[in-house]
Amino acid sequence: MNNSVKKIVIVGGGSAGWLTAGVIAADHLVNKETGIEVILIESPDIASIGVGEGTWPSMRATLKKIGISETQFLRECDASFKQGSKFINWIKGDGEFYYHPFTLPDNYSEINLAEHWLPFKNKISFSDAVCPQSFLSDRHLAPKQMSTPEYAGVMNYGYHLDATKFAVLLKKHCIDNLGVTYISDHVVQINSTDTGDIASLTTQANGDINGDLFVDCSGFASLLLGQHYQIPFKEERHILFNDSALAVQVPYANPQGDIESCTHSTATDSGWIWDIGLPTRRGVGNVFSSAYTTDEQADQTLRKYLEPSIGKEAAAKIMPRKLTFTPGHREKFWHKNCVAVGIAAGFLEPLEATALVLIESSARMISEQLPANRSVMDIVAGRFNQKFNHHWAKIIEFLKLHYVLTQRTDSQYWRDHCSPDTMPESLKELLALWKYQLPWVYDTTHVGEMFPSASFQYVFFGMDAKNTYGQSNRRNISERAEMANSLFEENAKKTQQLVNRLPSNRELLQRLSEYSFPKI
């Protein structure tokens, strides 16, 4: 039980496997006498899902940490800049929209600007009043200039990317630059010790691969945590109804057309459609619930959505790929000497692009809290399970918030989403509280929350909840009115300055094909 943890074996490639390998390898002295060994086993026959095309701003720090230049990443992954999400038809289904930008409201921790914005709610949206990012997204502008150093920006940003190309880049970097050992082979047997730990994995061509810690990145198969250890799966379909998606890649009608600055999420009668702009194509998918519509109806909805942008004839010829999933996660993620990362741990739905950030967060904690030996591993595992059970619960709560605030009653799908029986208790408490006081920093109770309380504000006020909920009349906000007005004026001025000087996404990415961002 006191054996040192020196050899880490990752089962599965894709974004989950290679990000985990990269983070651990970059953090530790791999293949050095005082360091560790990282081995990744990837089946040669199983392709990655390849539709996780949106990241959070955290990906910038992750890529920088593992040593990939931003210029190289953007070029090789057909990537573009993501500044948040635009939600269309989620409120009434009449073409209305709102933004969830990545940049926090000005002076967010010092003043709740929502209180001071309420008197002007009919003149300007909340996101426009407190942050320039929705204006930039409306105009397809980039969050930085060519002279801005790598991974820096005038606005907070993440990326849209080609998931398959991303996995290829990560794989090459991990093998060539970080010392990760790569084995292309099938795992045919899992061998246990007397204590129930995994001792080794038997592969078809390379025999037994032993290790001290095994990371399950095998996707929906969940080969180690799910199949071998039989850790129960906690289904969340009663809260989040979606369990299917039809995904397709479509070319631009105009190859030099605008590249969107945010993910577009357009609500339908039984789900929603994602639309992600890359430099060379768009990634589009219809996410829906099989309990409320059929595959045929979902297919028609996707084609109808695409017709205005690619034409009726082209829309009729698309061949979407069907994906099915059960929304939920494992009851625990680290058991004995095995920890699951990515879809092997769980999956909810693509809304708000939580899949990649969960991978990043998991890999970071595994690496930073890597047990020195087996005797302390269970302590680390307990902390990991506690933290990530909280993360999954908060993600479920936040995603459900997008649905429960709707005013749509045009389908059973939307009516059922508003039923209290489908809401987590924690969300019911927040909604009850927000009837009398507006969302703010006190709604974040843990350090390192997945979604800052500002994200709840953007969705809450974006969904027009300002007309349903309000603040207590007992609170005197007049003493901070001058500061609030000054911040509103500064935001308006900054917005105009950025609109005038920032390049478009297309323009900046084209320049990047010839030049590189400065390195800090």
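**Labels and their cut-offs**

Mentor: R237 is partly exposed, with a relative accessible area of 31%; partly exposed means between the limits for buried (under 20%) and exposed (over 50%), using a 1.4 Å probe and protein chains only. This is a predicted model, where local features need pLDDT of at least 70, side-chain atom pairs count only at pLDDT 80 or more, and totals for chains, interfaces and linings use all residues. Residues are numbered from 1 along each chain as its sequence is written, and side-chain values use heavy atoms, with hydrogens and water left out.

Trainee: What makes R237 and E235 a salt bridge?
Mentor: The closest N and O atoms of R237 and E235 are 2.9 Å apart.

Trainee: Why is T202 called buried?
Mentor: The relative accessibility of T202 is 16%, so T202 counts as buried. T202 lies in strand β9 (residues 198-203); strands (E, at least two residues) and helices (H or I, at least four) are DSSP runs, numbered from the N terminus.

Trainee: How do you know that T202 and N191 make a polar contact?
Mentor: Their side chains are joined at 2.8 Å. The definition asks for a pair of N or O atoms within 3.5 Å; within protein, one must be able to donate a hydrogen and the other to accept it, and residues adjacent in sequence count only if both atoms are side-chain atoms.

Trainee: What ties D27 to K65?
Mentor: A salt bridge between their side chains, at 2.9 Å from N to O. D27 lies in helix α1 (residues 14-27) and K65 in helix α2 (residues 58-66), so the pair ties together parts that are 38 residues apart in sequence. D27 is partly exposed at 32%, and K65 is partly exposed at 35%.

Trainee: Why are E425 and K428 separated by about one helical turn?
Mentor: Because they are three residues apart in helix α14 (residues 425-433). E425 is exposed at 53%, while K428 is partly exposed at 27%.

Trainee: How many residues has the largest nonpolar core?
Mentor: It has 139 residues, and F73, W90 and L401 have the most contacts inside it. A nonpolar core is a set of buried Ala, Val, Leu, Ile, Met, Phe, Trp, Tyr and Cys residues joined through side-chain atoms within 4.5 Å.

Conventions
A salt bridge is a side-chain nitrogen of Lys or Arg within 4 Å of a carboxyl oxygen of Asp or Glu.
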